[in-house]
Amino acid sequence: MAVDCQIELAKMLLEMGQSHLFEHWPEPGVDDGEKKSFFDQVARLNASYPRGLASYIKNARKLLADSRAGKNPYDGFTPSVPSGEVLTFGDENFLKFEEAGIMEARNAAFVLVAGGLGERLGYNGIKLALPSETTTGTCFLQHYIESILALQDASCRLAQGQCQAQIPLVIMTSDDTHARTLELLESNAYFGMKPTQVKLLKQEKVACLDDNDARLAVDPRDKYRIQTKPHGHGDVHSLLYSSGLLNVWKDAGLKWVLFFQDTNGLLFKAIPASLGVSSIKQYHVNSLAVPRKAKEAIGGITRLTHADGRTMVINVEYNQLDPLLRATGYPEGDVNCETGYSPFPGNINQLILELGPYIEELTKTGGAIEEFVNPKYKDSSKTSFKSSTRLECMMQDYPKTLPPSARVGFTVMDTWLAYAPVKNNPEDAAKVPKGNPYHSATSGEMAIYRANNLILRKAGVKIDDPVIEVFNGQEVEVWPRIVWKPKWALTFAEVRSKVGGNCSITQRSTMVIKGRNIFLEDLTLDGTLIVNSVEDAEVKVGGSVQNKGWVLEKVDYKDTSISEEVRIRGFRIDKVEQSEMN
């Protein structure tokens, strides 16, 4: 780095009250290599934050002062229930939105936020490499890519061939996940996507803060380094803005950007209808949501109106929603209404943004998202921290800066169809109060089977009721293990068109469908059936299939002789006998 750049950075740090960073520096000629790498790090921190490091320090001082004063970010705002679309799976309205969404899919780009490791899960790899279910062993990343390719395909078929669409996929990685995500893609030939279709954007960390004056923290292991921590998934907006991709997409005629998280195996069942809602309702911002029980530990989507007339539709965290309601004329706080659910839908952190207005907004903000700080104070004087803190930002806070004219809405889907994240390890999951979701690898896998069974039931298949089993201390419903590749059916209309006559499936059964034109007709299944077909083959599957099938065997998550991805589920599949059709 040129000396004059170093001088500029040093001046900026001194002007911003950061002289302590240089206090222990020896005279010129000593440790020059380390000093250079210090400036390289400062340059990176300066370049990766919208409007630079000085801006970060200014923002930090303001937020730390507010935090110390106990300032409520929602002061002056009154909450109300925003307007949105509540969908009922499988009815005419739902089918209309699904079809509209498939039509729009070729004008969409997908952004996967995947900066985190699976440590909280008890898994050492990246979360994207974890199997979403163990019947086929398909990992999350493969499932996501195959779903996007199936959308691309279905959208082009609906557009009757006037379509060369390649739906782009961006994956936001971090230092922790970047190399392993690339390795997973390359060693699996990008799971069928063209490598040019996939872009990885790496998120940088931000500087840590030592005190209320926002003095930057020196790394305890290296006096020539500033300590850094992750800034949160809100960085995805500034990364997309600075990468220039948004304008490339706009020039290519794309219209939508869909943001999603790394371990929700149900998400793509909800995407066609939600995208249809965005298109028909012309929403600039559409938050996917699920019904939420009052006081459940999931944020609520809320319209906030300020005394000065400003309004915004935003996710309010569950621990802030109840006191906010009580303080603004709802003495009961966060309570269920006559539907048995809170009137404020539960935010699941999947967003659909219209590209044009999104670019306009980011051009004003540079992609900066409103931040928050969460220092852990040593005592009630709030003068010193237990350990260094940093500013954080969340992807779903994007609408906070939008003008009142922005059309911000939501789409509520049944939880069984849309939301089963995998984020808790077996010990934490087993402590969840009864009736609340476990959000573990066990419950995430069982939720995929449940959704597929409920969809087939709705399409007329007779399916036995599930049985209750306990794995890793969690009580779950075990349905028949039914899985299909996304290209078999993405929408309910497609499932319905591929199921006919009287089909029935017993609870102990397993069925895997791999191929596009596979039709189930008068099938009676008691055991395991696997159907593989090549692209253009039309296959009718019927008659009676009976065998010993595949059996779930319990395993103990403390048994370290078993691989982590099996252990954290609490079961493995013993493949006793199956019928396979190729």
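This is a predicted model: local features need pLDDT of at least 70, side-chain atom pairs count only at pLDDT 80 or more; totals for chains, interfaces and linings use all residues.
Reader: What divides the chain into domains?
Author: The bounds come from an automatic or database domain assignment. They give domain 1 (3-67), domain 2 (72-415) and domain 3 (427-580). The C-alpha centres of domain 1 and domain 3 lie 55 Å apart.

Reader: What makes a space a cavity, and how many are there of 30 Å³ or more?
Author: On a 1 Å grid over the protein atoms alone, a cavity is a set of points where a 1.4 Å probe fits but cannot get out. The structure holds seven cavities of 30 Å³ or more. Volume here is the space filled by probe spheres set on the points, which are joined across faces, edges and corners.

Reader: Why is the largest cavity said to lie between domains?
Author: Domain 2 and domain 3 both give residues to its lining, so the largest cavity lies between them. Lining residues have an atom within 4 Å of a point. There are 29 of them, and His 143, Lys 269, Asn 452, Trp 484 and Pro 486 lie nearest the centre. Elements supplying at least two lining residues each include helix H5 (140-158) and strand E24 (510-514). Helices (H or I, at least four residues) and strands (E, at least two) are DSSP runs, numbered from the N terminus.

Reader: What makes up the lining of the largest cavity by class?
Author: It has 15 nonpolar, eight polar and six charged residues. Ala, Val, Leu, Ile, Met, Phe, Trp, Tyr, Cys and Pro count as nonpolar, Asp, Glu, Lys and Arg as charged, and the others, Gly among them, as polar.

Reader: What makes a space a pocket instead?
Author: A pocket is an open set with protein on both sides within 12 Å along at least five of seven lines. The second largest pocket has a volume of about 1300 Å³. Its lining has 40 residues, with Pro 73, Glu 370, Glu 371, Phe 372 and Lys 400 nearest the centre. Helix H3 gives the largest share, six residues. Domain 1 and domain 2 both contribute to the lining, so the second largest pocket lies between them.

Reader: Why is Arg 516 called buried?
Author: Buried means under 20% relative accessible area, exposed over 50%, partly exposed in between (1.4 Å probe, protein chains only). Arg 516 has 16% relative accessibility, so it counts as buried. It lies in the loop between E24 and strand E25 (518-526).

Reader: What makes the pairing of Arg 516 with Asp 153 a polar contact?
Author: A polar contact is a pair of N or O atoms within 3.5 Å; within protein, one must be able to donate a hydrogen and the other to accept it, and residues adjacent in sequence count only if both atoms are side-chain atoms. The side chains of Arg 516 and Asp 153 are joined at 3.2 Å. The side chain of Arg 516 also makes a polar contact with that of Glu 535, at 3.3 Å.

Reader: Why does Asn 212 count as buried?
Author: Its relative accessibility is 14%, so Asn 212 is buried. Asn 212 sits in the loop between strand E7 (209-211) and strand E8 (228-229). Its side chain reaches the backbone oxygen of Lys 382 at 2.8 Å.

Notes. Residues are numbered from 1 along each chain as its sequence is written. Side-chain values use heavy atoms; hydrogens and water are left out.
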